[in-house]
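Student: I would like a close look at one part of this model, taken slowly and residue by residue. Could you lead me through it in a single connected account?

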Amino acid sequence: METYDYIVVGGGSSGCVVASRLSEDPGIKVLMIESGRRDDARYIKLPATFFKVIEKGRDVMAYVGEPSPGVNDRASVVVQGHVIGGGSSVNAMLYVRGQAEDYDGWAQDGNRGWSSSDVLPVFRDMENNMELADEYHGTEGELHVSETGFHHPLSRAFIRAAQETGLPLNPDFNGARQEGVGFYQTTTHNGRRWSAAEAFLRKAEKRPNLKIMTQTRVARVLFEGTKAIGVELEDGRKLGAAGEVVLCAGAIESPRLLQLSGVGDADHLQSHGIAVVADMPGVGTNYQDHLETTVQGVTHDPISFLGQDKGLRAVRHMAQYLATRTGLLCSNVVECGGFADVSGAGRPDVQFHVLPFMVGWVDREPIPEHGISIGPCFLRPRSRGSVRLRSSDPRDAALFDAGSLNDPEDVEILVRGVKKAIAILEAPSLARLIKRRALPEPGIEKDDDALRHYVRQTVKTVFHPCGTAKMGPASDKMAVVDNELRVRGTQGLRVCDASVMPRLISGNTNAPTMMIAERGARFIMGKESISA
């Protein structure tokens, strides 16, 4: 059996960080296994064309959940990166860390060493910010963070309109306060996407001690007793790990692999004929995701992104980009947004993602007119779902129940978020550009029951699944990993991705996921330690 010191399962945002850090030691032999292909497609590199990547479907995986009563028996469809760089290669590139209270809450729940003061230095170490340099931002890390080189007129109008409703302007959502509206900072550099692959893996993949396997699927982790000793691939090959196996496969795949390997709820595993290595009932539970609905307005003039990727206009945009690295193709599309406290919670509980065109989804065609879409997203959902096995066959997709909106309070926050979005759409700076409101239908905001139905019928994922192998103290019987990300009940096995988040952070999850991976690598290498 070919043996490595460390096997990293998953080549997404977290896997790129872990593989890069571990391979910095030339005496360590590292293998990273990714089920998708290389990240060399042109559309991945151009910020504005990430929608093309999702539409083509080759570099993403769509996980289809069970129909959920909370969303009017619709199936939740969660699209995840299926390519080197993972989500960071296909997302909208928003660099958002969340709120200090998120991490302080993790620490208060018993995860010592994960407070805001503990994680902020890690964020700063990784960051190379093009504009900001202060106590919240670093300038010497590998992860380039900048503003994009293009701001659409509808994005500017949203920011002004939101201020007209009372929200403050905020030039830095990752600074002293999150509340307010403004342009998002992005993981871009010189007009290009700066994914985790670009930031961390490009330099690492040249090292002779790092091997990267693509288009290769792992079937299970191999154990001797409770010690992880390697992995078995779906084609039957076995690869050894003298040190550790590190799962970085994401919040749906990592718990699926744990269960296929005998780590999970004993009754569930035995029902599929899987020998139990560690009875861990929390594996696959605690699933959380950010959900948003939409408020859309049709513009008087044809000023949106609609049609800009067709014909001569597309040729003109590409020529400008290739010649000068400027123009529309530098846009990350979701250029602006903000954070608002719509329920009086004392901290923002809704995030707005704003797109300068009319957005559809898998069960709803986009309205074929020029316009703007404002997406209110609930930041700290109470609803929980699960990821279980359909069978012991590793080729079978997970039995995935997102549990979307199964807590009615989540609906109430989204209803308030829709009302705020409507107020912004009707504020003077946007109202002068808008011919009519397309969604939700005018007048619905006067009927809360109708608005609740609208929310349940239109809500969709923002692609931030987490929590299915949550971190927690030994006293928490549903905790899967300890505060150094080691899987309880086993040895030589860690999870270093968004699965370990005990509670979803208040914002986009890519930057926090890379922070988690960075800390995981430090724990493995003995560069950092937290006593349990």
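Tutor: Let us begin with Asp-118, which sits in helix α5, residues 116-126 (helices, H or I of at least four residues, and strands, E of at least two, are DSSP runs numbered from the N terminus). Please keep in mind that this is a predicted model, in which local features need pLDDT of at least 70 and side-chain atom pairs count only at pLDDT 80 or more, while totals for chains, interfaces and linings use all residues. Residues are numbered from 1 along each chain as its sequence is written, and side-chain values use heavy atoms, with hydrogens and water left out.

Asp-118 counts as partly exposed because its relative accessibility is 31% (buried means under 20% relative accessible area, exposed over 50%, and partly exposed in between, with a 1.4 Å probe and protein chains only). Setting aside neighbours within four places in sequence, Asp-118 is in contact with Gly-113 and Arg-519, where contact means heavy atoms within 4.5 Å. A polar atom of the Asp-118 side chain also lies 3.3 Å from the backbone nitrogen of Trp-114.

Of the 16 residues of α14, 15 are buried, so the helix is largely enclosed by the rest of the structure. From its first C-alpha to its last, α14 reaches 23 Å, close to the 22 Å expected at 1.5 Å a residue, the expected span being 1.5 Å times one less than the number of residues. After α14 comes Gly-526, whose phi is positive, near 75 degrees.

Returning to α5, its axis and that of helix α4, residues 100-108, come within 8 Å and cross at roughly 125 degrees (axes are lines fitted to C-alpha atoms, for helices over the stretch in contact, and angles run from 0 to 180 degrees between N-to-C directions). That angle makes α4 oblique to α5, since angles under 35 degrees count as roughly parallel, over 145 as roughly antiparallel, 65 to 115 as roughly perpendicular and the rest as oblique. Ala-100, Tyr-103 and Asp-104 of α4 make the contact with Ser-116, Val-119 and Phe-123 of α5.

Methods. A polar contact is a pair of N or O atoms within 3.5 Å; within protein, one must be able to donate a hydrogen and the other to accept it, and residues adjacent in sequence count only if both atoms are side-chain atoms.
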